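Colleague: I am new to this structure and would like to learn how to read its features one at a time. Could you show me the model and take me through it?

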Amino acid sequence: MIKQKILLIEDDPDQILMYQNKFELVGFDFIAAENAESGLSLAKNEKPDIVLLDLLLKELTTATGLEILKKLKEDYETKNIPIIVLTNFDTRQAEEESIKLGADDFIIKSKIGLSPLVERVKKVLDK
Amino acid sequence: MISIITLTLISLAIFILGILVFIKGKRNITNISFVFLSLNMISWIIANYLADAPSQVANALFWNRATFAAGCLMGVFLLLFALVFPKSPKRLLAFWKLAIFIGLVITILTLFTDLIVEKIEFYDWGTNIVGGSLYIPVIIWAVAIIITTIAILVWKYKKSQGLEKLQLRYLFLGFFLFLLFTMTLNLILPVITGTNEYAKYGSYSVIFLIGFTTYAITRYRLMDIRLIIKRSLVTFLSFIVIVFFVWGIMAVVGSLIGRKPDPRLTIVGLVSVVLAILVFSLVKSFFEHLANKYFFTSLYNYQTAFEKLARELTHTINLDQIIDSIIESIKDTMRLDRAGVLLLNEQTSNYQVQKTIGFAADNGISLVRNNFLTNHLLKTRQPVIFQELESWPENSDSERSEIGKLKFNMKHIEAALCLPLIIRNKLIGIIVLGNKISKDAYTKEDLRLLDSISHQASIAVENARLYNNMEEIVDSQTKDIKAKARHLEKLLKMRSEFLDTTSHQLRTPTSVLIGILEMAVKGELDMLPQEKKQKQLEGAYLKAKKLEQIVSDLLRASELDSASFRLKLEDFREINLEEFLNRIITFKALEAEKQGVEVCLAKPLPCSKIFGEKIFLDEAMGNLIDNAIKYTPSKNKKTDTKGKIIISCAKDDKNIHIKIQDNGIGIPKEEIGKLFEKFNRASNAKEMYTDGTGLGLFIVKKIIEGHGGKIEVESGLGQGSTFIASLPLQPSLKNI
């Protein structure tokens with residue numbers, strides 16, 4: 001069976017490590033990008049099955065998480081990849097914006113454990 | 001002939017008034033009662049006329065009976081009307097029916113039997129009735145009804161208030177005039193003329209009763225009755241006096257030239273006099289108007305001019321309009337060739353031209369404050385008149401020269417008169433007037449008018465100026481309030497940004513801790529290779545420390561921010577400066593290494609020890625070094641230098657200055673002022689580090705200032721930053 005591939009766009013290496021460990025343990029291919037630029041190129045070249053996107057990236061001057069989301073959804077090569085916004089930025093505005101821009105799910109990191117996150121990812125992938 | 005016309009006119013008038021009242025309230029019982037009353041009055045007047053008419057001699061008995069019957073019915077209707085006027089009580093219907101029934105019975109008995117009016121007797125002035133067997137009881141009944149009516153009205157009047165009272169007064173006035181005229185025509189005129197010929201016109205005066213009552217019913221706002229009574233009484237008495245006087249002269253002259261007084265001629269004479277009185281004031285004002293128009297040089301209506309100006313001045317608060325009104329009104333009323341107004345300018349202390357008409361434009365009249373003219377105007381409060389300058393006393397040489405100068409100046413601009421505008425002992429302006437077009441002198445009358453005008457004008461000008469000042473104040477306050485509102489808005493925005501950021505910051509380490517602990521609990525960590533597991537645990541540890549850092553920042557900031565926070569001198573200890581700084585540098589070494597920047601302490605130090613509360617100073621210095629590390633990249637792309645932080649110290653007489661210098665991203669110059677505000681972060685801070693609370697520098701400032709020191713910063717975008725914390729070498733109660 002071919003493993004499904006997850007792309008995580010996230011600026012905090014500690015978190016990347018954690019998500020990588022977890023998702024590899026449960027049988028996913030896992031790649032990560034620490035900034036918008038590499039995130040966008042990885043999404044194009046690696047053709048992941050799903051993207052997990054953090055909204056607050058350090059390099060806010062180049063692109064916010066929402067801008068990455070918009071670009072991914074605008075590009076015909078990436079627009080069909082499901083995207084889950086994974087953030088600790090808990091505002092209704094952020095959630096509404098994300099869904100409006102085409103995110104499939106909006107998850108607050110601290111409110112959900114790793115296993116439930118895996119379930120949510122699988123659910124989106126099964127759709 | 002005249003009688004018929006009068007009869008028709010009066011009856012028609014009463015009828016129209018009745019209809020008018022009916023239209024105003026078709027369902028109102030007061031109005032309906034009034035209509036009955038007025039119809040009854042009309043029939044009474046007509047019957048009364050026909051009873052004495054020569055053409056109706058054959059029917060005289062019937063008309064006399066009709067007059068009597070209408071009179072009785074009038075009592076009934078008056079009573080009914082008195083009951084329902086001005087407002088109708090309920091449950092009157094039975095009484096109504098009874099009263100009308102009795103009225104009808106008496107009417108029928110009067111008209112068609114000889115029980116009440118048996119027959120009539122003819123006299124040379126007309127007819128009179130002879131009563132039948134029921135005559136006396138009916139008269140008693142009628143008197144009883146009239147007394148009841150009056151009693152009801154008086155009782156109502158006492159109880160009523162406001163509009164109702166006024167309405168009743170009108171009714172009474174109608175009655176009064178009705179009686180007055182009836183008595184004049186029935187008593188006074190017969191005595192004067194010696195015949196009873198005019199008595200029959202007495203009945204026409206019911207028009208007063210009907211007229212005033214109509215007014216009272218139909219109008220909502222009534223004129224004050226006392227005014228009307230006063231005016232009527234004054235007019236009436238004046239008429240009577242003049243008429244008597246003229247009549248007396250006519251009688252005397254008549255007897256002197258031996259002619260018998262002809263009553264018709266007397267009446268015509270008296271009517272002419274009354275007419276003359278009536279039209280006199282009209283004719284007079286017409287000719288006065290004409291005279292004013294063609295003899296303006298000496299005649300104008302002082303009162304009218306003044307009233308008109310006063311009215312205009314109260315209508316506006318606009319200074320320009322006020323000045324226009326003043327100038328135009330004076331110039332037009334007195335027919336002057338020129339006029340102008342100078343007003344005091346508080347800033348320059350000059351009297352400057354506000355507006356002029358007729359003065360040569362290049363004269364440029366302007367006066368400084370406290371000169372000879374203004375002082376004189378303020379002292380005397382009287383106008384200065386050019387022609388009178390000759391006769392001014394010249395007590396000294398300087399006075400002579402001042403008067404000379406004034407004369408020259410006034411002559412130069414062709415001014416004839418200067419009128420002061422004074423408010424509360426301050427000369428706020430001067431009205432400058434030219435000569436009359438007619439070249440006449442200013443009269444006493446003119447000066448009196450000008451004096452009154454100057455008072456009015458001063459008040460109006462002062463009010464307008466106060467109003468303008470007030471508007472300016474209101475404007476500036478509005479601006480102030482708007483600025484404050486903007487500031488508050490900004491604070492609120494900062495607060496909400498803070499909440500968003502803080503919750504994000506607290507959640508990030510929490511989510512990592514939860515995730516890693518969850519893996520540990522499930523035994524998943526043990527499934528990882530040892531190296532990965534170790535790294536993962538290290539990450540969790542760092543996140544826990546970070547979480548602690550954020551929480552203590554928040555707590556510290558709220559502690560320092562509370563009004564009661566104060567450092568205490570007795571908690572201050574001696575601190576070894578080198579140890580203190582080295583410890584912090586060591587403590588931050590891990591982060592510096594991670595970031596790829598070098599931190600070094602410049603030696604030698606200028607002193608060995610400082611004083612303060614160590615926990616706080618640790619925190620302040622820690623925050624400063626922390627910031628320097630966070631916002632300094634390992635390599636500055638612009639200058640191509642390695643990221644480096646230098647800590648150095650300098651000393652003067654009183655203070656030690658600890659300097660933390662980095663070559664990082666810097667702070668935009670315009671944002672430096674706000675840098676130490678709570679929750680404030682420089683706009684470029686997020687490029688390097690997302691998770692800042694915006695509290696670090698706030699805490700630093702509070703701590704340093706709590707020690708009696710101060711914190712300064714030198715920076716610019718991309719130029720690195722230098723923070724200098726100055727602490728007193730000898731802290732004392734005074735400086736903390």
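Colleague: Which residues line the second largest cavity?

Modeller: The general idea is that rolling a probe the size of a water molecule over the atoms shows where empty space is left. On a 1 Å grid over the protein atoms alone, a cavity is a set of points where a 1.4 Å probe fits but cannot get out, and lining residues have an atom within 4 Å of a point. In this predicted model, the second largest cavity is lined by B:Phe34, B:Leu37, B:Leu78, B:Phe81, B:Leu171, B:Leu209, B:Ile210 and B:Thr213. Its volume is about 30 Å³, where a volume is the space filled by probe spheres set on the points, and grid points are joined across faces, edges and corners.

Colleague: Which helices supply that lining, and how do its residues divide by class?

Modeller: Helices (H or I, at least four residues) and strands (E, at least two) are DSSP runs, numbered from the N terminus. Helix H2 (29-52), helix H3 (60-84) and helix H7 (206-218) of chain B each supply at least two residues of this lining, and H7(B) gives the largest share, with three residues. For the classes, Ala, Val, Leu, Ile, Met, Phe, Trp, Tyr, Cys and Pro count as nonpolar, Asp, Glu, Lys and Arg as charged, and the others, Gly among them, as polar; here that makes seven nonpolar, one polar and no charged.

Colleague: How many cavities of 30 Å³ or more does the structure hold, and what lines the largest cavity?

Modeller: There are two cavities of 30 Å³ or more, and the largest has a volume of about 50 Å³. Its lining draws on both chains, with A:Met18, A:Tyr19 and A:Leu86 among the residues from chain A, and B:Ser511 and B:Gly515 from chain B. Helix H1 (13-25) and helix H5 (114-126) of chain A, together with H14 of chain B, each supply at least two residues of the lining, which by class has six nonpolar, three polar and one charged residues.

Colleague: How should I read the contact between chain B and chain A, and how many residues does each chain give?

Modeller: Contact means heavy atoms within 4.5 Å, and by that rule chain B gives 25 residues and chain A gives 27 residues. Buried area is the accessible area (1.4 Å probe) that two parts lose on being put together, summed over both; between these chains it is about 2300 Å², with 59% given by carbon and sulfur atoms.

Colleague: How many salt bridges are there between chain B and chain A?

Modeller: A salt bridge is a side-chain nitrogen of Lys or Arg within 4 Å of a carboxyl oxygen of Asp or Glu. The count between chain B and chain A is four salt bridges, including the one between B:Lys532 and A:Glu24, whose closest N and O atoms are 3.5 Å apart. Over all chains, the count comes to 31 salt bridges. B:Lys532 lies in helix H15 of chain B and A:Glu24 in helix H1 of chain A, so this pair joins two chains.

Colleague: Where does the cis peptide bond at B:Pro604 lie?

Modeller: The bond joins B:Lys603 and B:Pro604, with omega at about 5 degrees, and B:Pro604 lies in the loop between strand E10 (598-601) and strand E11 (609-612) of chain B.

Key. Residues are numbered from 1 along each chain as its sequence is written. Chains are lettered from A and ligands numbered from 1 in the order in which they are written. This is a predicted model: local features need pLDDT of at least 70, side-chain atom pairs count only at pLDDT 80 or more; totals for chains, interfaces and linings use all residues. Side-chain values use heavy atoms; hydrogens and water are left out. On a 1 Å grid over the protein atoms alone, a cavity is a set of points where a 1.4 Å probe fits but cannot get out, and a pocket is an open set with protein on both sides within 12 Å along at least five of seven lines; lining residues have an atom within 4 Å of a point.
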